[in-house]
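I opened the notebook to record what I looked up. My entries follow the display.

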Amino acid sequence: MKYISTRGGMAPQSFSDILLEGLAPDGGLTVPETIPQVSAETREQWRGLGYAELAAEILSLFIDDIPREDLRRLTAAAYNTEVFPGPQMVPLKPLKGGMSLLGLSEGPTLAFKDMAMQFLGQIFEYVLEKRGTTLNILGATSGDTGSAAEYAMRGKRGVSVFMLSPQGRMSAFQRAQMYSLQDENIHNIAVAGVFDDCQDIVKALAGDLEFKSAYRLGAVNSINWARIAAQVVYYFWGWLRATDQSGPQQVSFCVPSGNFGNILAGHIAREMGLPIRRLVLATNENNVLEEFFRTGVYRPRSAAQTHATSSPSMDISKASNFERFVFDLLGRDPQRLANVWKKLDSAGYFDLSELKPDFEGRYGFVSGTSSHADRLATIRKVKEESGVLIDPHTADGVKVAETYVEPGVPMLVLETALPAKFAETIVEAIGEEPPVPAHLGDLASLPQRVVNLDCDVEQVREYIRKHAPVQGAAAS
Ligand SMILES: *Cc1c(COP(=O)(O)O)cnc(C)c1O
(Lines give C-alpha, C1' and ligand atoms only; values in the text may rest on other atoms or scores of the structure.)
Protein backbone atom coordinates (compact mmCIF):
# COMPACT_ATOMS: atom_id res chain seq x y z
CA MET A 1 0.00 0.00 0.00
CA LYS A 2 1.52 3.27 -1.16
CA TYR A 3 0.28 6.82 -0.67
CA ILE A 4 0.00 9.55 -3.28
CA SER A 5 -1.01 13.21 -3.30
CA THR A 6 -4.48 14.34 -4.40
CA ARG A 7 -2.70 16.85 -6.66
CA GLY A 8 -0.39 14.32 -8.29
CA GLY A 9 2.94 15.89 -7.33
CA MET A 10 4.40 13.28 -4.97
CA ALA A 11 6.16 9.99 -5.70
CA PRO A 12 4.32 7.10 -4.00
CA GLN A 13 5.41 6.70 -0.36
CA SER A 14 4.88 4.15 2.39
CA PHE A 15 2.63 4.73 5.39
CA SER A 16 5.48 5.38 7.83
CA ASP A 17 6.88 8.03 5.48
CA ILE A 18 3.67 10.05 5.38
CA LEU A 19 2.78 9.47 9.05
CA LEU A 20 4.77 12.37 10.47
CA GLU A 21 4.19 14.81 7.60
CA GLY A 22 1.37 17.31 7.13
CA LEU A 23 0.46 18.38 3.60
CA ALA A 24 2.04 16.62 0.62
CA PRO A 25 4.93 18.60 -0.90
CA ASP A 26 2.65 19.83 -3.73
CA GLY A 27 0.12 21.25 -1.24
CA GLY A 28 -2.30 18.32 -1.68
CA LEU A 29 -3.40 15.70 0.83
CA THR A 30 -2.08 12.16 0.96
CA VAL A 31 -4.45 9.32 0.05
CA PRO A 32 -3.95 5.58 -0.51
CA GLU A 33 -3.16 4.71 -4.12
CA THR A 34 -6.11 2.31 -4.12
CA ILE A 35 -8.88 1.75 -1.58
CA PRO A 36 -8.60 -1.74 -0.05
CA GLN A 37 -11.67 -3.94 -0.47
CA VAL A 38 -13.32 -6.00 2.27
CA SER A 39 -15.53 -8.89 1.11
CA ALA A 40 -18.82 -9.84 2.79
CA GLU A 41 -17.14 -13.05 3.91
CA THR A 42 -14.27 -11.23 5.65
CA ARG A 43 -16.72 -8.87 7.27
CA GLU A 44 -18.65 -11.78 8.73
CA GLN A 45 -15.43 -13.30 10.06
CA TRP A 46 -14.87 -10.05 11.95
CA ARG A 47 -18.13 -10.26 13.91
CA GLY A 48 -16.57 -11.90 16.95
CA LEU A 49 -13.58 -9.57 17.26
CA GLY A 50 -13.07 -7.09 20.07
CA TYR A 51 -12.47 -3.46 19.15
CA ALA A 52 -8.67 -3.60 19.33
CA GLU A 53 -8.56 -6.76 17.21
CA LEU A 54 -10.89 -5.29 14.62
CA ALA A 55 -8.73 -2.15 14.54
CA ALA A 56 -5.62 -4.25 13.85
CA GLU A 57 -7.37 -6.06 10.97
CA ILE A 58 -8.60 -2.86 9.33
CA LEU A 59 -5.48 -0.77 9.94
CA SER A 60 -3.28 -3.52 8.47
CA LEU A 61 -5.06 -2.91 5.15
CA PHE A 62 -3.68 0.64 5.19
CA ILE A 63 -0.37 0.00 6.93
CA ASP A 64 1.75 -2.70 5.32
CA ASP A 65 5.19 -1.49 6.40
CA ILE A 66 4.69 -2.37 10.08
CA PRO A 67 4.56 -6.07 11.05
CA ARG A 68 1.06 -7.31 11.87
CA GLU A 69 2.16 -8.45 15.33
CA ASP A 70 3.43 -4.96 16.19
CA LEU A 71 0.24 -3.39 14.90
CA ARG A 72 -1.77 -5.72 17.16
CA ARG A 73 0.29 -4.60 20.12
CA LEU A 74 -0.28 -0.92 19.25
CA THR A 75 -4.06 -1.24 18.88
CA ALA A 76 -4.25 -3.26 22.12
CA ALA A 77 -2.41 -0.43 23.91
CA ALA A 78 -4.68 2.23 22.37
CA TYR A 79 -8.04 0.48 22.77
CA ASN A 80 -8.57 -1.05 26.20
CA THR A 81 -10.75 -0.41 29.23
CA GLU A 82 -8.04 1.57 30.99
CA VAL A 83 -8.15 4.21 28.23
CA PHE A 84 -11.87 3.83 27.50
CA PRO A 85 -13.27 3.01 30.95
CA GLY A 86 -17.00 2.56 30.17
CA PRO A 87 -18.71 -0.82 30.42
CA GLN A 88 -18.21 -1.04 26.65
CA MET A 89 -15.52 0.74 24.68
CA VAL A 90 -17.77 1.79 21.77
CA PRO A 91 -21.37 1.14 22.85
CA LEU A 92 -24.48 1.38 20.70
CA LYS A 93 -27.16 3.34 22.60
CA PRO A 94 -30.70 2.97 21.20
CA LEU A 95 -32.87 6.07 20.81
CA LYS A 96 -36.50 6.36 19.74
CA GLY A 97 -37.39 6.65 16.07
CA GLY A 98 -35.11 4.06 14.44
CA MET A 99 -31.92 5.76 15.59
CA SER A 100 -29.01 4.73 17.81
CA LEU A 101 -26.00 6.61 19.06
CA LEU A 102 -22.57 5.17 18.28
CA GLY A 103 -20.75 5.97 21.51
CA LEU A 104 -17.36 7.32 20.49
CA SER A 105 -16.81 9.55 23.51
CA GLU A 106 -15.85 7.16 26.31
CA GLY A 107 -12.17 8.14 26.09
CA PRO A 108 -10.07 10.42 28.31
CA THR A 109 -11.29 13.73 26.85
CA LEU A 110 -14.92 12.67 26.36
CA ALA A 111 -14.92 13.30 22.61
CA PHE A 112 -14.60 11.14 19.49
CA LYS A 113 -11.16 12.57 18.67
CA ASP A 114 -9.73 10.24 21.32
CA MET A 115 -10.63 7.27 19.11
CA ALA A 116 -8.06 8.20 16.48
CA MET A 117 -5.67 10.16 18.66
CA GLN A 118 -5.00 7.29 21.06
CA PHE A 119 -3.81 5.16 18.15
CA LEU A 120 -1.76 8.08 16.83
CA GLY A 121 0.06 8.33 20.17
CA GLN A 122 1.02 4.66 19.99
CA ILE A 123 2.12 4.67 16.38
CA PHE A 124 4.07 7.94 16.68
CA GLU A 125 6.08 6.51 19.55
CA TYR A 126 6.68 3.28 17.59
CA VAL A 127 7.80 4.90 14.34
CA LEU A 128 9.95 7.54 16.06
CA GLU A 129 11.74 4.86 18.03
CA LYS A 130 12.33 2.73 14.90
CA ARG A 131 13.80 5.76 13.15
CA GLY A 132 15.81 6.88 16.16
CA THR A 133 14.37 10.36 16.05
CA THR A 134 12.13 12.62 18.12
CA LEU A 135 9.28 15.00 17.41
CA ASN A 136 7.99 18.18 19.03
CA ILE A 137 4.32 18.65 18.36
CA LEU A 138 3.39 22.32 18.21
CA GLY A 139 -0.27 23.21 18.13
CA ALA A 140 -2.93 25.72 19.03
CA THR A 141 -6.24 24.73 20.56
CA SER A 142 -9.46 26.27 21.72
CA GLY A 143 -10.13 23.10 23.69
CA ASP A 144 -10.94 19.83 21.97
CA THR A 145 -8.12 18.84 19.66
CA GLY A 146 -5.38 20.02 21.98
CA SER A 147 -6.57 18.00 24.92
CA ALA A 148 -7.11 14.86 22.82
CA ALA A 149 -3.54 15.24 21.52
CA GLU A 150 -2.10 15.76 25.00
CA TYR A 151 -3.89 12.72 26.43
CA ALA A 152 -2.66 10.63 23.50
CA MET A 153 0.97 11.77 23.71
CA ARG A 154 1.44 12.02 27.49
CA GLY A 155 4.36 9.92 28.66
CA LYS A 156 5.22 8.76 25.13
CA ARG A 157 8.93 8.43 24.43
CA GLY A 158 10.34 10.62 21.69
CA VAL A 159 7.37 13.02 21.58
CA SER A 160 6.85 16.34 23.33
CA VAL A 161 3.77 18.51 22.99
CA PHE A 162 3.79 22.31 23.06
CA MET A 163 0.14 23.35 23.08
CA LEU A 164 -0.88 26.99 22.91
CA SER A 165 -4.25 27.97 24.31
CA PRO A 166 -5.90 31.38 24.72
CA GLN A 167 -5.60 32.67 28.30
CA GLY A 168 -8.95 32.74 30.07
CA ARG A 169 -10.95 31.69 27.02
CA MET A 170 -11.53 28.02 27.68
CA SER A 171 -14.14 26.56 29.99
CA ALA A 172 -13.10 25.60 33.52
CA PHE A 173 -13.61 21.97 32.53
CA GLN A 174 -11.35 22.27 29.48
CA ARG A 175 -8.66 24.06 31.49
CA ALA A 176 -8.76 21.45 34.23
CA GLN A 177 -8.60 18.70 31.65
CA MET A 178 -5.50 20.00 29.90
CA TYR A 179 -3.63 21.84 32.61
CA SER A 180 -3.87 19.07 35.20
CA LEU A 181 -1.55 16.85 33.14
CA GLN A 182 1.74 16.60 35.01
CA ASP A 183 3.69 14.64 32.40
CA GLU A 184 7.07 16.15 31.63
CA ASN A 185 6.61 15.90 27.87
CA ILE A 186 3.39 17.95 27.91
CA HIS A 187 3.76 21.74 27.85
CA ASN A 188 0.66 23.88 28.25
CA ILE A 189 1.30 27.44 27.16
CA ALA A 190 -1.47 29.94 27.86
CA VAL A 191 -1.06 32.93 25.55
CA ALA A 192 -2.45 36.35 26.40
CA GLY A 193 -4.67 36.53 23.32
CA VAL A 194 -7.45 34.75 21.46
CA PHE A 195 -7.32 31.43 19.59
CA ASP A 196 -6.39 33.09 16.29
CA ASP A 197 -3.36 34.70 17.98
CA CYS A 198 -2.25 31.26 19.14
CA GLN A 199 -2.67 29.90 15.65
CA ASP A 200 -0.68 32.80 14.17
CA ILE A 201 2.21 32.04 16.53
CA VAL A 202 2.15 28.37 15.48
CA LYS A 203 2.12 29.39 11.82
CA ALA A 204 5.03 31.78 12.31
CA LEU A 205 7.18 29.16 14.04
CA ALA A 206 6.27 26.28 11.73
CA GLY A 207 6.83 28.60 8.77
CA ASP A 208 10.39 29.35 9.93
CA LEU A 209 11.87 26.33 8.17
CA GLU A 210 15.23 26.58 9.88
CA PHE A 211 13.67 26.60 13.34
CA LYS A 212 11.17 23.93 12.30
CA SER A 213 13.87 21.51 11.23
CA ALA A 214 16.29 22.34 14.07
CA TYR A 215 13.57 21.63 16.64
CA ARG A 216 11.84 18.87 14.64
CA LEU A 217 8.44 20.55 14.85
CA GLY A 218 5.42 18.53 13.78
CA ALA A 219 1.64 18.66 14.07
CA VAL A 220 -1.26 16.32 14.74
CA ASN A 221 -3.91 18.09 12.71
CA SER A 222 -7.04 16.56 11.29
CA ILE A 223 -5.52 15.98 7.84
CA ASN A 224 -3.24 13.27 9.25
CA TRP A 225 -4.09 10.12 7.29
CA ALA A 226 -3.50 7.82 10.27
CA ARG A 227 -6.34 9.59 12.07
CA ILE A 228 -8.68 8.97 9.14
CA ALA A 229 -7.67 5.30 8.92
CA ALA A 230 -8.22 4.81 12.66
CA GLN A 231 -11.70 6.35 12.31
CA VAL A 232 -12.66 3.87 9.56
CA VAL A 233 -12.63 1.16 12.23
CA TYR A 234 -15.68 2.41 14.12
CA TYR A 235 -17.85 2.48 11.01
CA PHE A 236 -17.20 -1.25 10.62
CA TRP A 237 -17.70 -1.74 14.36
CA GLY A 238 -21.02 0.14 14.30
CA TRP A 239 -22.21 -1.78 11.25
CA LEU A 240 -21.29 -5.12 12.86
CA ARG A 241 -23.18 -4.20 16.05
CA ALA A 242 -26.29 -2.90 14.22
CA THR A 243 -26.71 -5.91 11.90
CA ASP A 244 -26.73 -9.65 12.25
CA GLN A 245 -26.16 -12.32 9.64
CA SER A 246 -29.88 -12.82 9.00
CA GLY A 247 -31.28 -9.28 9.29
CA PRO A 248 -31.00 -6.20 7.11
CA GLN A 249 -27.52 -5.43 5.88
CA GLN A 250 -27.77 -1.73 5.10
CA VAL A 251 -27.04 0.87 7.76
CA SER A 252 -27.01 4.68 7.51
CA PHE A 253 -24.69 6.93 9.50
CA CYS A 254 -25.22 10.55 10.49
CA VAL A 255 -22.11 12.56 11.32
CA PRO A 256 -21.91 15.99 13.04
CA SER A 257 -19.28 17.57 10.80
CA GLY A 258 -16.72 20.34 10.79
CA ASN A 259 -13.47 19.63 9.00
CA PHE A 260 -14.92 16.60 7.18
CA GLY A 261 -12.50 14.22 8.93
CA ASN A 262 -15.02 12.04 10.72
CA ILE A 263 -17.39 11.58 7.79
CA LEU A 264 -14.51 11.12 5.35
CA ALA A 265 -13.68 7.92 7.25
CA GLY A 266 -17.29 6.82 6.65
CA HIS A 267 -16.85 7.49 2.95
CA ILE A 268 -13.68 5.36 2.93
CA ALA A 269 -15.48 2.54 4.78
CA ARG A 270 -18.25 2.66 2.18
CA GLU A 271 -15.72 2.61 -0.66
CA MET A 272 -14.14 -0.45 1.00
CA GLY A 273 -17.44 -2.26 0.48
CA LEU A 274 -19.20 -1.73 3.82
CA PRO A 275 -22.97 -1.68 3.07
CA ILE A 276 -23.65 1.91 4.11
CA ARG A 277 -26.86 3.22 2.61
CA ARG A 278 -26.51 6.89 3.39
CA LEU A 279 -23.88 9.14 4.89
CA VAL A 280 -25.84 11.99 6.41
CA LEU A 281 -23.71 15.09 6.93
CA ALA A 282 -24.94 17.42 9.69
CA THR A 283 -23.67 20.97 10.13
CA ASN A 284 -24.54 23.76 12.50
CA GLU A 285 -25.09 27.36 11.33
CA ASN A 286 -21.68 27.19 9.66
CA ASN A 287 -23.12 25.22 6.78
CA VAL A 288 -20.42 25.42 4.13
CA LEU A 289 -20.55 21.63 3.64
CA GLU A 290 -24.34 21.36 3.69
CA GLU A 291 -24.39 24.06 1.04
CA PHE A 292 -22.04 22.01 -1.13
CA PHE A 293 -24.13 18.85 -0.94
CA ARG A 294 -27.29 20.86 -1.62
CA THR A 295 -26.01 23.02 -4.48
CA GLY A 296 -22.70 21.59 -5.72
CA VAL A 297 -20.95 24.88 -4.93
CA TYR A 298 -18.16 24.88 -2.36
CA ARG A 299 -17.58 28.35 -0.97
CA PRO A 300 -15.39 28.60 2.16
CA ARG A 301 -16.19 31.50 4.49
CA SER A 302 -14.05 34.21 5.99
CA ALA A 303 -13.43 34.39 9.73
CA ALA A 304 -15.95 37.25 9.91
CA GLN A 305 -18.59 35.07 8.21
CA THR A 306 -18.00 32.19 10.63
CA HIS A 307 -20.46 32.12 13.53
CA ALA A 308 -19.52 31.26 17.11
CA THR A 309 -22.18 28.66 17.94
CA SER A 310 -23.17 26.38 20.80
CA SER A 311 -21.62 23.44 18.92
CA PRO A 312 -18.22 25.15 18.75
CA SER A 313 -16.19 22.19 17.47
CA MET A 314 -18.13 22.43 14.21
CA ASP A 315 -17.48 26.17 13.73
CA ILE A 316 -15.35 25.94 10.62
CA SER A 317 -14.88 28.28 7.69
CA LYS A 318 -13.37 25.66 5.37
CA ALA A 319 -13.23 21.89 5.69
CA SER A 320 -9.62 20.76 5.67
CA ASN A 321 -10.27 17.13 4.69
CA PHE A 322 -12.80 17.87 1.96
CA GLU A 323 -10.18 17.70 -0.81
CA ARG A 324 -9.87 13.95 -0.27
CA PHE A 325 -13.55 13.37 -1.03
CA VAL A 326 -13.49 15.69 -4.04
CA PHE A 327 -10.53 13.67 -5.35
CA ASP A 328 -12.75 10.57 -5.44
CA LEU A 329 -15.68 12.55 -6.81
CA LEU A 330 -13.48 13.62 -9.74
CA GLY A 331 -12.61 10.02 -10.54
CA ARG A 332 -9.32 10.21 -8.61
CA ASP A 333 -7.89 12.38 -11.38
CA PRO A 334 -5.15 14.57 -9.80
CA GLN A 335 -5.09 16.96 -12.77
CA ARG A 336 -8.80 17.71 -12.49
CA LEU A 337 -8.47 18.07 -8.73
CA ALA A 338 -5.55 20.47 -9.05
CA ASN A 339 -7.56 22.58 -11.51
CA VAL A 340 -10.54 22.73 -9.19
CA TRP A 341 -8.34 23.88 -6.31
CA LYS A 342 -6.69 26.46 -8.55
CA LYS A 343 -10.16 27.83 -9.22
CA LEU A 344 -10.87 27.82 -5.48
CA ASP A 345 -7.69 29.79 -4.78
CA SER A 346 -8.38 32.38 -7.46
CA ALA A 347 -12.18 32.75 -7.31
CA GLY A 348 -12.90 31.73 -3.71
CA TYR A 349 -15.27 28.93 -4.73
CA PHE A 350 -15.78 26.06 -7.14
CA ASP A 351 -18.91 24.69 -8.75
CA LEU A 352 -19.34 20.94 -9.25
CA SER A 353 -23.12 21.05 -9.66
CA GLU A 354 -22.81 18.94 -12.82
CA LEU A 355 -21.81 16.05 -10.52
CA LYS A 356 -24.75 16.48 -8.15
CA PRO A 357 -26.46 13.21 -9.13
CA ASP A 358 -23.33 11.37 -7.91
CA PHE A 359 -23.39 12.89 -4.42
CA GLU A 360 -26.20 10.65 -3.27
CA GLY A 361 -26.49 8.23 -6.19
CA ARG A 362 -22.89 7.10 -6.26
CA TYR A 363 -21.59 8.12 -2.82
CA GLY A 364 -24.67 8.07 -0.55
CA PHE A 365 -24.18 11.63 0.72
CA VAL A 366 -27.09 13.75 1.93
CA SER A 367 -26.97 16.70 4.32
CA GLY A 368 -28.81 19.07 6.61
CA THR A 369 -28.24 21.89 9.10
CA SER A 370 -29.25 22.52 12.67
CA SER A 371 -29.54 25.76 14.64
CA HIS A 372 -29.11 26.74 18.28
CA ALA A 373 -32.87 26.38 18.84
CA ASP A 374 -32.84 22.95 17.14
CA ARG A 375 -29.98 21.86 19.38
CA LEU A 376 -31.78 22.84 22.58
CA ALA A 377 -35.06 21.26 21.46
CA THR A 378 -33.31 18.05 20.39
CA ILE A 379 -31.38 17.73 23.66
CA ARG A 380 -34.66 18.09 25.56
CA LYS A 381 -36.59 15.74 23.31
CA VAL A 382 -34.01 12.94 23.33
CA LYS A 383 -33.80 13.18 27.12
CA GLU A 384 -37.59 12.99 27.49
CA GLU A 385 -38.19 10.27 24.90
CA SER A 386 -35.17 8.03 25.40
CA GLY A 387 -33.71 9.06 28.76
CA VAL A 388 -30.36 9.80 27.13
CA LEU A 389 -28.55 13.12 27.60
CA ILE A 390 -26.66 14.17 24.46
CA ASP A 391 -24.18 16.95 23.85
CA PRO A 392 -24.88 19.90 21.49
CA HIS A 393 -22.81 18.46 18.58
CA THR A 394 -24.49 15.09 18.79
CA ALA A 395 -27.80 16.96 18.94
CA ASP A 396 -27.05 18.56 15.56
CA GLY A 397 -26.57 15.00 14.28
CA VAL A 398 -29.80 13.66 15.75
CA LYS A 399 -31.78 16.64 14.46
CA VAL A 400 -30.56 16.15 10.88
CA ALA A 401 -30.70 12.33 11.05
CA GLU A 402 -34.43 12.38 11.86
CA THR A 403 -35.29 13.59 8.37
CA TYR A 404 -33.47 10.66 6.75
CA VAL A 405 -34.60 7.69 8.85
CA GLU A 406 -36.04 4.89 6.67
CA PRO A 407 -37.91 1.81 7.84
CA GLY A 408 -35.65 -1.24 8.11
CA VAL A 409 -32.43 0.76 7.88
CA PRO A 410 -30.76 1.40 11.25
CA MET A 411 -29.61 5.04 11.54
CA LEU A 412 -26.46 5.37 13.63
CA VAL A 413 -25.70 8.91 14.83
CA LEU A 414 -22.08 9.39 15.79
CA GLU A 415 -21.84 10.68 19.35
CA THR A 416 -18.96 13.13 19.00
CA ALA A 417 -18.77 14.32 22.64
CA LEU A 418 -20.34 13.80 26.06
CA PRO A 419 -22.59 16.54 27.51
CA ALA A 420 -20.26 17.10 30.52
CA LYS A 421 -17.97 19.12 28.23
CA PHE A 422 -20.67 21.64 27.34
CA ALA A 423 -22.47 22.30 30.61
CA GLU A 424 -23.65 25.80 29.71
CA THR A 425 -25.76 24.69 26.74
CA ILE A 426 -27.06 21.65 28.61
CA VAL A 427 -28.26 23.89 31.45
CA GLU A 428 -29.93 26.14 28.87
CA ALA A 429 -31.68 23.11 27.35
CA ILE A 430 -32.82 21.17 30.41
CA GLY A 431 -32.16 23.42 33.40
CA GLU A 432 -29.71 20.98 34.98
CA GLU A 433 -25.97 20.42 35.01
CA PRO A 434 -24.83 17.38 33.01
CA PRO A 435 -23.32 14.55 35.06
CA VAL A 436 -19.52 14.28 35.09
CA PRO A 437 -18.23 10.71 34.56
CA ALA A 438 -17.08 9.16 37.84
CA HIS A 439 -13.42 8.85 36.86
CA LEU A 440 -13.24 12.62 36.26
CA GLY A 441 -14.96 13.64 39.48
CA ASP A 442 -11.94 15.25 41.15
CA LEU A 443 -10.54 16.88 38.01
CA ALA A 444 -11.34 20.43 39.15
CA SER A 445 -9.35 20.06 42.37
CA LEU A 446 -6.13 18.76 40.78
CA PRO A 447 -3.07 21.04 40.63
CA GLN A 448 -2.56 22.67 37.23
CA ARG A 449 0.63 22.96 35.20
CA VAL A 450 0.66 25.81 32.70
CA VAL A 451 2.99 28.67 31.77
CA ASN A 452 1.61 32.08 30.89
CA LEU A 453 3.33 33.91 28.03
CA ASP A 454 2.68 37.17 26.25
CA CYS A 455 1.17 37.11 22.79
CA ASP A 456 4.65 37.10 21.30
CA VAL A 457 6.28 34.66 18.87
CA GLU A 458 9.72 35.21 20.37
CA GLN A 459 8.64 34.24 23.87
CA VAL A 460 7.17 30.99 22.59
CA ARG A 461 10.25 30.31 20.47
CA GLU A 462 12.45 30.81 23.52
CA TYR A 463 10.29 28.49 25.60
CA ILE A 464 10.57 25.72 22.99
CA ARG A 465 14.35 26.25 22.75
CA LYS A 466 14.69 25.75 26.48
CA HIS A 467 12.31 22.83 26.85
CA ALA A 468 12.54 20.76 23.66
CA PRO A 469 14.46 17.56 24.45
CA VAL A 470 17.86 17.18 22.85
CA GLN A 471 17.72 14.90 19.79
CA GLY A 472 18.33 11.28 20.80
CA ALA A 473 18.04 11.81 24.55
CA ALA A 474 14.31 11.28 24.71
CA ALA A 475 14.49 7.93 22.91
CA SER A 476 16.60 6.34 25.66
C1 LIG B 1 -13.96 17.74 15.97
C2 LIG B 1 -15.38 17.64 16.35
C3 LIG B 1 -16.41 17.59 15.38
C4 LIG B 1 -16.15 17.73 13.90
O5 LIG B 1 -15.46 16.63 13.35
P6 LIG B 1 -14.74 16.75 11.92
O7 LIG B 1 -13.91 15.53 11.79
O8 LIG B 1 -13.90 18.00 11.99
O9 LIG B 1 -15.81 16.84 10.89
C10 LIG B 1 -17.72 17.42 15.82
N11 LIG B 1 -18.01 17.34 17.14
C12 LIG B 1 -17.05 17.38 18.09
C13 LIG B 1 -17.44 17.30 19.52
C14 LIG B 1 -15.70 17.53 17.74
O15 LIG B 1 -14.76 17.59 18.69
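Which hand does the crossing of helix 4 and helix 5 have? I found it right-handed. A crossing is left-handed if the near helix is turned anticlockwise from the far one by less than a right angle, and right-handed if clockwise.

**Ground rules.** I am working with a predicted model, where local features need pLDDT of at least 70, side-chain atom pairs count only at pLDDT 80 or more, and totals for chains, interfaces and linings use all residues. Residues are numbered from 1 along each chain as its sequence is written, and side-chain values use heavy atoms, with hydrogens and water left out.

**Helix 4 and helix 5.** Helices (H or I, at least four residues) and strands (E, at least two) are DSSP runs, numbered from the N terminus. I looked up helix 4 (residues 68-78) and helix 5 (residues 113-131): their axes come within 8 Å and cross at roughly 140°. That makes helix 4 oblique to helix 5. Axes are lines fitted to C-alpha atoms, for helices over the stretch in contact, and angles run from 0 to 180 degrees between N-to-C directions. Angles under 35 degrees count as roughly parallel, over 145 as roughly antiparallel, 65 to 115 as roughly perpendicular and the rest as oblique.

**Helix 11.** I checked burial next (buried is under 20% relative accessible area, exposed over 50%, partly exposed in between; 1.4 Å probe, protein chains only). In helix 11 (residues 261-271), 11 of 11 residues are buried. Gly-273 follows helix 11, with a positive phi near 110°.

**Aromatic rings.** Rings of Phe, Tyr and Trp (its six-membered ring) pair if their centres lie within 6.5 Å; planes under 30 degrees apart count as stacked, over 60 as edge-to-face and the rest as tilted. I got 29 aromatic pairs. Phe-292 and Phe-293 have ring centres 5.2 Å apart and planes at 80°, so they are edge-to-face. Phe-292 is buried, at 0% relative accessibility. Phe-293 is buried too, at 8%. Both belong to one aromatic cluster, which also includes Trp-341 and Tyr-363.

**A loop residue.** Where does Ala-304 lie? I found Ala-304 in the loop between strand 11 (297-298) and helix 13 (322-329). Ala-304 is exposed, at 79% relative accessibility.
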